[in-house]
Amino acid sequence: MAGRERGPTRGPGRTLTTRPSGPRLFLLVCSFLITLGSFAVLPYMSVLLHQRLGLGLGTVGVVLAVASLVQFSGGVVGGALARRIGLRATMLVALAVRTAGFAAFVPGLGSPSAAIGALFLVSCGAALYLPANKAYLVEGAAESERPRLLSASGSAFNAGIALGPPAAAPFVLTSPGALFAGVTALFAVVGLGHALLPAGTAAPGASSPQKDGDPAAPAGRPGGLPFIVTVLSVYVFMFFQHYLALYAVPRTSASFYGGVLMGYACLLVVAQPLLSEWIAGLSYRRAMRVGFGAMAAGTAVIGAGGRAGIGVGAALICLGEIVLFLKNDLEALARSSAAPAVVFGRQRLAAGLGAFASGVAGGQLYGAAEDLGTARGFWFAVSLQALVLPALLVPLAGAVRRRYDGSRTRPEKQAAADGGPRRT
């Protein structure tokens with residue numbers, strides 16, 4: 001199992017060792033810089049596409065939804081590519097694609113089609129990069145180190161998310177060309193740094209040993225409890241991310257909403273590493289109860305209260321995100337026989353499915369609540385989903401998986417009853 005200090009044999013004669021802390025520290029710093037550069041521009045894409053390039057809001061919504069789906073679901077391609085060409089090579093390809101995307105925005109600011117093409121290049125680069133990045137962090141690490149490494153990675157990403165938008169705000173509308181040029185230069189420098197990373201000792205295409213309790217698990221098939229729970233986690237969370245502004249700004253102010261987002265990001269950055277060992281020690285079912293319970297309570301409090309309710313609700317949802325997102329990744333690694341990059345690619349696919357479903361359902365649900373004259377009802381409906389959907393779908397997924405496993409083992413049992421395969 002990959003959790004030992006001197007890692008497992010990955011095929012005949014292939015042994016993983018724990019990487020030095022230097023490359024991991026470099027990746028954590030780059031995680032911050034990459035997210036800082038990305039979120040200096042991506043949150044403003046709707047403004048640039050609509051106000052500067054004249055696209056209708058309906059078109060803008062479709063473009064952003066498809067780009068998000070590509071960015072998440074393309075993680076499966078990123079995981080498969082990492083398995084074939086290696087982790088460092090995949091990160092270099094991803095950064096080259098993303099750098100080209102940001103560079104294409106500079107001439108693309110005068111052309112809607114060029115800007116959309118540049119956006120999809122950036123999305124494709126993000127899809128390829130993250131599975132390889134997270135796999136490089138945990139490959140060869142002791143299993144006890146994984147919570148700390150993944151939580152530190154999450155904190156680095158969230159710090160960039162928090163600081164990117166305010167850092168770019170003065171330049172987005174006044175000098176977007178210079179902003180995109182600066183982000184392009186940042187990604188080029190980060191890419192050059194990645195070229196100096198050690199390639200790692202795991203050979204591309206090497207397969208992982210089977211995990212105990214998961215015999216003959218198919219490495220290429222997404223599924224299992226972590227996949228289902230990740231879909232549900234992101235589905236519930238994205239209601240908060242997509243619709244809090246629509247609810248909070250008219251009832252409070254834009255500055256209050258901005259303060260809530262800043263506080264949320266700071267809480268994520270600080271709390272996730274502090275809680276990582278506790279989260280790792282939770283059973284998966286207890287983590288689900290804590291995580292979905294916090295999200296259900298948080299959305300209900302948002303609907304029930306004013307400023308205080310929004311602030312307290314955001315803090316509770318933050319706790320739910322920390323618990324569920326980290327525990328889902330840890331469980332996916334522990335339960336799968338696939339290489340870490342493949343596992344993280346599947347997790348990105350699950351997140352994309354959850355985000356897409358939330359986007360489709362959220363608009364209808366919020367519109368219906370407004371038509372009834374009670375936007376607060378939207379949050380109570382989300383709270384109810386956070387309680388009911390895991391209780392319904394998780395046991396159902398387990399029953400389907402057991403039936404699938406049973407159907408696979410029956411031929412083997414029959415062969416054993418018949419005396420096993422005959423040799424001629």
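T59 lies in helix 3 (residues 57-73). Helices (H or I, at least four residues) and strands (E, at least two) are DSSP runs, numbered from the N terminus. With a relative accessibility of 41%, T59 counts as partly exposed; buried means under 20% relative accessible area, exposed over 50%, and partly exposed in between, with a 1.4 Å probe and protein chains only. T59 and L49 are separated by 10 residues in sequence and by 9.3 Å in space, C-alpha to C-alpha.

The model is predicted: local features need pLDDT of at least 70, side-chain atom pairs count only at pLDDT 80 or more, and totals for chains, interfaces and linings use all residues. Residues are numbered from 1 along each chain as its sequence is written, and side-chain values use heavy atoms, with hydrogens and water left out.

The protein has 14 helices and 0 strands. Of its 424 residues, 47% are buried.

| Helix pair | Axis distance | Angle | Crossing |
|---|---|---|---|
| helix 5 (residues 87-108) and helix 6 (residues 112-138) | within 7 Å | roughly 160° | left-handed |
| helix 9 (residues 225-251) and helix 11 (residues 284-304) | 12 Å | about 15° | left-handed |

Axes are lines fitted to C-alpha atoms, for helices over the stretch in contact, and angles run from 0 to 180 degrees between N-to-C directions. A crossing is left-handed if the near helix is turned anticlockwise from the far one by less than a right angle, and right-handed if clockwise.

Helix 5 and helix 6 are therefore roughly antiparallel, the term for angles over 145 degrees, while angles under 35 degrees count as roughly parallel. The contact of helix 5 with helix 6 has 23 nonpolar, 5 polar and 1 charged residues. Here Ala, Val, Leu, Ile, Met, Phe, Trp, Tyr, Cys and Pro count as nonpolar, Asp, Glu, Lys and Arg as charged, and the others, Gly among them, as polar. The angle of about 15° between helix 9 and helix 11 makes this pair roughly parallel.

The structure also holds 2 cavities of 30 Å³ or more. On a 1 Å grid over the protein atoms alone, a cavity is a set of points where a 1.4 Å probe fits but cannot get out, and lining residues have an atom within 4 Å of a point. The volume is the space filled by probe spheres set on the points, and for the second largest cavity this is about 40 Å³. Its lining consists of M45, L48, L49, R52, L53, F105, L109 and A115. Helix 2 (residues 45-52) gives the largest share of that lining, 4 residues.

Notes
Parallel < 35°, antiparallel > 145°, perpendicular 65-115°, else oblique. 1 Å grid on protein atoms, 1.4 Å probe; cavity = no way out; pocket = protein on both sides within 12 Å on 5 of 7 lines; lining within 4 Å.
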